[in-house]
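Good morning, and thank you for coming.

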Amino acid sequence: MNDANLLSESPYAPGLSVRNARLGWNGVELLSGLSFDAPARAWTCLLGESGVGKSTLLRTLAGLIEPLDGVDIWAKGATNTSNSVAYMAQQDLLLPWLTAADNVALGARLRGETPDSA
């Protein structure tokens, strides 16, 4: 089975929907009224100048920070994306003494879960 088939059959490639996003950082509103869909198994790109809220949006989608208010974000019909979305910042922060697979499984292990063996 090739990589494209694995991705198309994977339950771990959720689509995302965002409605009425209002996001801020350090008391400054960065985004308001933002709505979009990022379909599963498709590339979605965020473009914008430094400081416009791209990283804040990604951190919010991953459940690392809370939106200001009134935003609906869901993955695969869920209201909480924190268990469906992973976020890797521009600095990869991988542990160099672990293999790539062990770095990927680290989150599950830190949560006390058994990592997926896909």
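In the protein chain, residues 24 or more positions apart account for 45% of the contacts with a separation of 6 or more, a contact being heavy atoms within 4.5 Å. This is a predicted model, in which local features need pLDDT of at least 70 and side-chain atom pairs count only at pLDDT 80 or more, while totals for chains, interfaces and linings use all residues. Residues are numbered from 1 along each chain as its sequence is written, and side-chain values use heavy atoms, with hydrogens and water left out.

The chain has three helices and three strands, in the order α-β-β-α-β-α from the N terminus; helices (H or I, at least four residues) and strands (E, at least two) are DSSP runs, numbered from the N terminus.

Of the 118 residues, 23% are buried, that is, under 20% relative accessible area, with exposed over 50% and partly exposed in between (1.4 Å probe, protein chains only).

Finally, Pro 67 lies in the loop between α2 and β3 (72-75). Pro 67 counts as partly exposed because its relative accessibility is 24%. Beyond four places in sequence, Pro 67 contacts Arg 22, Leu 23 and Thr 60.
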